[in-house]
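Me: I'm new to this one. Could you walk me through it and tell me where the labels come from?

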Amino acid sequence: MSDVNITSVLQETRTFVPPAAFSQQAHVGSPAAYHELWETAKNDPARFWGEQARHLDWFEPFQHVMEGQMPETKWFTGGKLNASYNCVDRHLKTWRRNKAAIVWEGEPGDTRVLTYQDLHREVCRFANVLKGLGVTAGDRVTIYMPLVPEIVIAMLSCARIGAVHSIIFGGFSADAVAERNNDAQAKVVITTDGGWRRGKEVALKAAVDESLVKSPTVRSVVVLRRTGTPVAMEPGRDHWWDELMAEATADCPATPLDSEHPLFILYTSGSTGKPKGVLHTTGGYTLATMLTSKWVFDLKDDDLYWCTADVGWITGHSYVCYGPLANGTTVMMYEGAPNWPDEGRFWELIEKYKVTIFYTAPTAIRSFIRWGDQWPQKHDLSSLRLLGSVGEPINPEAWMWYHKVIGAERCPIVDTWWQTETGAIMISPLPGATTTKPGSCTHPLPGVVPDIVTKQGESLPANSGGLLVMKQPWPSMLRTLYGDHERFLKTYFSEIPGCYFAGDGARRDADGCFWVMGRVDDVLNVSGHRLSTMEVESALVSHPQVAEAAVVGFPHEIKGEGICCFVSLTGGDGDDALKQHLKEHVRRQIGALATPDMIRFTSALPKTRSGKIMRRLLRDIAAGRERVQDTTTLEDYGVLAKLRASEE
Ligand code: WT7
């Protein structure tokens, strides 16, 4: 990170005003209403958050809204509450008792519906199971499960008794489980015999067995039967979920916990070295996920809300479980792959259950585009009223496709910027208030005060690319990296004095809209100009023959860095003429400065299991280096050989 001024070349001028009918019924229904909320929060954050916190149920009221300077701010000190109580019990006092909390479909097509009353009973019983295994407040519990309702039951049961859950995405390996078990010193692991993914069984229990050889702190394993395939059960250590539940009563009052009591640890990959155990706490996290769900997704009692993320990622923690359930929402969950048994599965689900709000990732949207419009067009998607995007910058062309083909030009799109570390959405349109622009996450939510700065922390003017920072603390900010507070301080608070900085480059336009340009580690330096890889990718994807693109720099004698583009096509193999044509296309779209030096066609790009392109690997390949990077988070190893073979 030498000089941080990043030249922005993305020119996007289309704007979309919220449909009047949407604004009329929205929680926040006009730009003025949004501005008032944002200004109030900025001018007196303690008062704003103190008032908002009344929307939670407290066992004991807090004495102080916020105490201490960022990064050591504590929220709602003196207050006692329980996240599980706020997501479940409090709805039992209302008509929502018999409302569906979870509408679930398994990959093979089996279905289940749990009302809030059902969820309460299961959570209470499983909390008693955990107690029976000796789990007490503060103990860490690993959850390694597919997307079945019991993953939410397990989370809320931990929260109910103050145990700290650490969910490991079901696609991770035994080694990853062992490493996380050890780092968290987990006492119990909750898993299943297996899970379904594209018709094949993922052997979760077998991976747990392998991990436990290397993680000695784990005393008990609870195994839910999902696939029915026989698995090894070690007597004394391993227990069947249903057998323990049969013995457990449904009487388990939620434990009143300090607002700052740890709620969960979630490991996120660092750019180097071991994963970072991001720690979130009870009061601030529950409040922020509840409020942002309501504002951003405009949740109403008759919505069927579907966030397609796996619960193993932060998106699933905050926007499948805690945020929507704290609002008493009906949440849709689907266990399997979007292309099983065919590429129409998501659209079939939307039609079948009449989903109203759909929240997914740009990487998924680009797959839908590649699979073809005929899949969504086979289904009636008219129940949809709002669409969301999260995980990376969405290319304007993908945004337009989402708007037209899925949203029928009727549904607002909320492009939500946030991070595992921020816990909740930070910058996003409010669908009834904000004029959207394809590719921009628009404005900060109330209580969020971002800026674009230089490395010295000076604010940059409109349209200058720089570092995206937060200048004020917010309730769902990570509190530490588990067991390594020094690394926490160094990673997020040492780079820019007085600010939170988690690595993204961005610019703000003349209307105050934020345009995130990706990780600053990914920025190209071409002939002294710093360019965002994402902007070159967007230019490539705007070409009809390009399905997906990943752009990296490579050492170049003259320019310092040259631009290498890995491109997958919507069809056909690609030839030299197309390479030339694509170089021209980028040049025309964004200028000579950004003309690619190298185009390499490939059938697939290396991605992490959460869908992020692993640019580190591509940089090695572009530079002709043998692999030196860690590849344990790579989803498909075969892709590396294909990429090497994609010579220019
Ligand atoms: C990074 C955080 C937050 C849930 C999923 C990812 C990128 C995320 C956007 C967006 C542009 C985005 C950023 C961020 N990112 N959402 N709407 N526009 N970039 O969580 O794995 O912690 O990744 O994802 O680079 O820093 P995560």
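Reply: Helices (H or I, at least four residues) and strands (E, at least two) are DSSP runs, numbered from the N terminus. By that count the protein chain has 20 helices and 30 strands. This is a predicted model, where local features need pLDDT of at least 70 and side-chain atom pairs count only at pLDDT 80 or more, while totals for chains, interfaces and linings use all residues. Residues are numbered from 1 along each chain as its sequence is written, and side-chain values use heavy atoms, with hydrogens and water left out.

Me: What makes Thr 442 buried or exposed?

Reply: Buried means under 20% relative accessible area, exposed over 50%, and partly exposed in between (1.4 Å probe, protein chains only). Thr 442 has 0%, so it is buried. You'll find Thr 442 in the loop between strand S20 (413–415) and strand S21 (450–453). Leaving aside neighbours within four places in sequence, its contacts (heavy atoms within 4.5 Å) include Ile 427, Pro 429, Lys 437 and Phe 514. Across the protein chain, buried residues make up 63% of the 648.

Me: What makes a set of residues a nonpolar core?

Reply: Its members are buried Ala, Val, Leu, Ile, Met, Phe, Trp, Tyr and Cys residues joined through side-chain atoms within 4.5 Å. The largest such core has 116 residues, and Phe 297 and Tyr 322 have the most contacts inside it. Helix H6 (residues 149–161) gives the largest share of this core, 9 residues. Apart from it lies another core of 29 residues, Trp 375 and Ile 413 among them.

Me: How do you know how the lining of the second largest pocket divides into nonpolar, polar and charged?

Reply: Ala, Val, Leu, Ile, Met, Phe, Trp, Tyr, Cys and Pro count as nonpolar, Asp, Glu, Lys and Arg as charged, and the others, Gly among them, as polar. Sorted that way, the lining has 6 nonpolar, 8 polar and 6 charged residues. A pocket is an open set of points on a 1 Å grid over the protein atoms alone, where a 1.4 Å probe fits, with protein on both sides within 12 Å along at least five of seven lines; lining residues have an atom within 4 Å of a point. Here 20 residues line the second largest pocket, and those nearest its centre include His 55 and Met 290.
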